[in-house]
Each structure stands twice: as C-alpha cells, then as structure tokens.
Amino acid sequence: MTNTNDLIAQLAQESKPATPAIKPGQLVAVLLGVLLVYAIGAQIYLGLRPDLINRLTDFWYNAEITTLWFLILTSAYAGVVAMSPDALQKPIVLKLPYIVLAALIVILGYQLITNGELTSHPLGSIMQKVIDTHGMACSICIALLSMLPSAFVFAILKKGASVRPLMSGSFAVFTAAGIGCLTLRLGEPNDSLIHLIQWHYLPTLLFAIIGAWMGKWLLKW
C-alpha cells in the first residue's frame with residue numbers, strides 16, 4: 001500500500017499550477033476595451049448625424065451623451081465587482097449605475113418640462129406615436145446593437161461567483177443597451193424628447209428588467 005508521503009508526492013507531481021485569477025482592474029480594462037472596439041464599429045456602420053458638431057455645442061445634449069458614457073462605465077465596473085460574493089468590499093460601486101440612471105432621468109425630465117415639447121404634444125398625439133414605425137425601428141436597432149455586447153458581458157460575469165444575479169444581469173444589459181443608445185444618439189438626427197424617452201430609454205429599462213431575469217437564470221451557481 002502506498003504510504004501517505006508517497007501519495008502526497010505523487011499528487012504534487014500530477015497537479016497542475018493554477019492559472020492566476022485576473023485582477024478586477026484588468027478585467028474591467030479588457031471588458032471596456034472590447035466594448036469600445038464594438039461601439040466604434042457600430043458607429044462606423046450607423047454613421048454620424050450631419051449636425052453633430054453643432055449639437056455638441058448644446059449643454060443638454062452633452063450632458064445626455066456624457067451620462068450615457070458614465071452609465072456604460074459604471075455598469076461594466078459594477079458588473080465586475082458583483083462577480084465577487086463580497087463585492088470586493090465596495091458596495092457603493094453597485095449603486096453607481098442606478099445613480100447615473102437617475103441622473104439621466106432628471107436630465108431628460110427637466111428638458112421635457114422646460115422646453116415646451118410636452119405641452120405642444122397632447123396625450124392623443126403622443127399615444128398615436130405608439131404605432132410610429134420609425135420609433136419602433138429605433139428600439140429594434142438598440143436591441144440588435146445590444147445583443148452581442150450583452151452576450152459578451154454575461155459570458156464574463158458567468159466566470160465569477162455573484163450572489164446578486166438579478167443585479168448583475170441588469171448591469172450587463174445597462175452596459176450593452178447604453179452602447180446602443182449612445183451610438184444611435186450620435187447617429188440619428190432626431191432630438192424629440194418624447195421620441196427619445198418612448199423609443200430609446202423606456203425600451204432600455206425594459207431590456208434591463210429582462211436582463212435581470214436572465215441574470216437570475218444565467219448567473220446562478
């Protein structure tokens with residue numbers, strides 16, 4: 001019978017060195033790098049709106065674009081942090097995407113109230129936009145643009161040990177849908193807030209809810 005020392009020596013020889021786990025900062029950098037390349041490719045495909053230079057002089061347009069960028073960045077970062085059961089002892093990071101989302105809602109809501117667009121579009125007119133084929137095309141475009149990055153982010157998060165699958169799923173979709181909204185916002189020459197809210201941002205919230213449900217299923221141990 002093999003004695004204990006021989007068994008230990010044999011197991012030590014047969015064992016393979018463990019691959020060092022990638023650090024969270026490196027993982028965030030890789031994740032954002034891949035997503036940036038994808039976003040650039042999507043933007044090249046969609047093109048840029050002809051009045052982009054002029055629009056970049058508008059404070060509220062810049063605020064919206066900047067907030068979308070922060071939504072992508074904070075969601076990607078929070079997703080990586082959520083991969084750890086203890087959230088790397090940074091629970092505040094998990095709240096950042098929701099804070100940014102709230103800021104985006106405030107930006108859009110303030111403009112909607114102050115620019116007179118809401119009062120100039122009676123409820124009946126707004127409801128008629130439910131069958132707006134152009135608006136539906138925008139939502140479909142955002143969904144299609146979000147599919148590949150969503151799958152990529154979910155694949156990354158799957159490698160972790162998240163105890164918050166619902167939250168992690170929403171982070172994945174916020175990251176991907178943020179890219180879809182941003183690229184479409186830079187490419188579509190339409191600044192109607194009612195259109196943006198109805199066909200860009202409300203569908204994004206719906207996608208996030210679906211993503212949270214998918215996270216509960218895909219990211220379970």
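Entry 1. I looked up where α2 and α4 touch: Pro 24, Leu 27, Val 28, Leu 31, Leu 32 and Leu 36 of α2 meet Trp 69, Leu 73, Ala 76, Tyr 77 and Val 80 of α4. Contact means heavy atoms within 4.5 Å; helices are DSSP runs (H or I, at least four residues), numbered from the N terminus. By class, this contact has eleven nonpolar, no polar and no charged residues. Ala, Val, Leu, Ile, Met, Phe, Trp, Tyr, Cys and Pro count as nonpolar, Asp, Glu, Lys and Arg as charged, and the others, Gly among them, as polar.

I noted that the model is predicted: local features need pLDDT of at least 70, side-chain atom pairs count only at pLDDT 80 or more, and totals for chains, interfaces and linings use all residues. Residues are numbered from 1 along each chain as its sequence is written, and side-chain values use heavy atoms, with hydrogens and water left out.

Entry 2. I then looked up the geometry of this pair. Axes are lines fitted to C-alpha atoms, for helices over the stretch in contact, and angles run from 0 to 180 degrees between N-to-C directions.

Entry 3. I looked at α4 itself. Helix α4 spans residues 59-81.

Entry 4. I turned to α4 and α5 (residues 96-114), which pack at about 165° with axes 8 Å apart. These two are therefore roughly antiparallel. Among the residues in contact are Trp 60, Phe 70 and Leu 71 of α4 and Leu 96, Ile 107 and Tyr 110 of α5. This contact has 15 nonpolar, four polar and one charged residues.

Entry 5. Last, I looked up α2 (residues 24-46) and α9 (residues 165-187), whose axes come within 10 Å and cross at roughly 30°. Their contact includes Leu 35 and Tyr 38 of α2 and Ile 179 and Leu 182 of α9. It divides into nine nonpolar, four polar and no charged residues.

Notes:
The expected span of a helix is 1.5 Å times one less than its number of residues. Angles under 35 degrees count as roughly parallel, over 145 as roughly antiparallel, 65 to 115 as roughly perpendicular and the rest as oblique.
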